[in-house]
Amino acid sequence: MDSLPLSHSPLTGAAPADWRGELRALWRLAWPLVAANLLQMAVYASDVIFVARLGTQALAAATLGVYYYTVLMFALIGLVSAASPVIAAELGRRGHAVREVRRSFRMALWVGTFAALPLFPFLLFGETVLRALGQNPAAAAAAGDYLDILLIAMIPTMASAVLRITVSALGRPGWALAVTALALGVNIVGNWVLVFGNLGFPALGLQGAAMASTITSFAMLAAYVGILFADRHLRRYHLFGNWWRSEWSRFAELVRLGVPIALTMTFEGAVFSAAAFLMGLIGVTEVAAHAVALQIAALSFQVPWGIGQAATIRVGMAYGARDHRWIAIAGRVALAMGIGFMALTAVALWLAPRFFVSLYLDIDAANARTVALAVQYLAVAALFQLFDGAQAVAAGVLRGLQDTRVPMIIAGFSYWAAGFGTAILFGFTLGYEGVGIWIGLATGLAFAAVMLCGRWGMRARLGLLP
């Protein structure tokens, strides 16, 4: 089967003659996505920097609101990300699949819009939900006002995600980087103007931060729409053509692939939030150290995540071309690239944990306890890195094969049964406290990495190949 001829796509690169060609093609797709992911983290960080100057109460409310919104938004983006393997497969089957790409793009917008509508009440009644979860009433009330404004951003943010996925699959990932850089600039200016009342605008505080985020979401959407008309290569797809026309079979296909992706992302995000809750049962210092260590780990994770996004496209094209050799090369190169990078970060965290902690905390006597705990957590994170990179890329290559349901089950078991269960066992029953919780997180990622990589290795026996 692996002797089938390699096919060609003029959009995201020809099928490679060997692993070197695939490495070049994958990196051309991956590096703009990696950079865009890192810039997106900077967008979130800019919100925190501005809101933190409003005081502890405002920061607590914003943190509650952003986390609540992010959980819903990540699930929605996970749902529409099914467009990536579907569009890639269409391009693999036919390099100029204009009509098919347009159908998938259109139905991804439909799926996202239909899914967003039932989420609106969760934002409108955000204060009620947060109070029910035992949050501080004043912080919950402020977070509720914040969420009322962010509700307006949900549809444009979802649409921007579909556009990012589509332009990347069509061989223009650089636009995703450019638009995210624009978003960072708009968000910083918007916060500066609306939070503190500069340039003659009223000082709106926390609500100003929400308005800045909403304006940023519309700016991103407008930029992508402009790009579709300005880029000669993208313009030929007429992506907004016949936007009213239904394609229910394609709609159902995207839902079938997208729901498991959405649940997978929710499972993973929720377990890290639950870990923070467990830290809170131990002490405030542990929570602070956990936040610092997790931020460092999350920064390095953007690289394999971007590689996984690119791998979904490359493997998806090979899947559409029914080229088993290309599938094998694309998957192996992506896994080697992702795990190789995380091996480097693991060594760096192991050798110089205090340096990384010093980027977030002053290493002085006042923070000695927090720094010591963060260093301990990063020792576990060094191992954590390898597994995190492997599971992120493995999930990406399996999505390229349009395999999402079983990986969702693997994620649920790994993160919650193996990971969260181990965190409780080591953190509380065995008394390792915060280190034990991090051992649990590493265990969950290890289970996911081993099982997802194993599934990739058995792809032919499991009938996952076209």
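Glutamate 247 and arginine 103 are joined by a salt bridge between their side chains, with N and O 3.3 Å apart; a salt bridge is a side-chain nitrogen of Lys or Arg within 4 Å of a carboxyl oxygen of Asp or Glu. By this rule there are nine salt bridges. The model is predicted: local features need pLDDT of at least 70, side-chain atom pairs count only at pLDDT 80 or more, and totals for chains, interfaces and linings use all residues. Residues are numbered from 1 along each chain as its sequence is written, and side-chain values use heavy atoms, leaving out hydrogens and water.

**Pairs linking distant parts of the chain**
- Glutamate 247 lies in the loop between helix H11 (232-235) and helix H12 (248-282), and arginine 103 lies in helix H4 (residues 98-116), 144 residues apart. Helices are DSSP runs (H or I, at least four residues), numbered from the N terminus.
- Glutamate 247 is buried at 17% relative accessible area, while arginine 103 is partly exposed at 26%. Buried means under 20% relative accessible area, exposed over 50%, and partly exposed in between (1.4 Å probe, protein chains only).
- Glutamate 286 forms a salt bridge with arginine 369, the closest N and O atoms being 3.5 Å apart.
- This pair connects helix H13 (residues 284-320), which holds glutamate 286, to helix H16 (residues 368-400), which holds arginine 369, across 83 residues.
- Glutamate 286 is buried at 8%, and arginine 369 is partly exposed at 45%.

**Within helix H12**
- Arginine 250 and glutamate 253 form a salt bridge (3.4 Å, N to O).
- The two residues are three apart in helix H12, so about one helical turn separates them.
- Arginine 250 is buried at 14%, whereas glutamate 253 is partly exposed at 22%.
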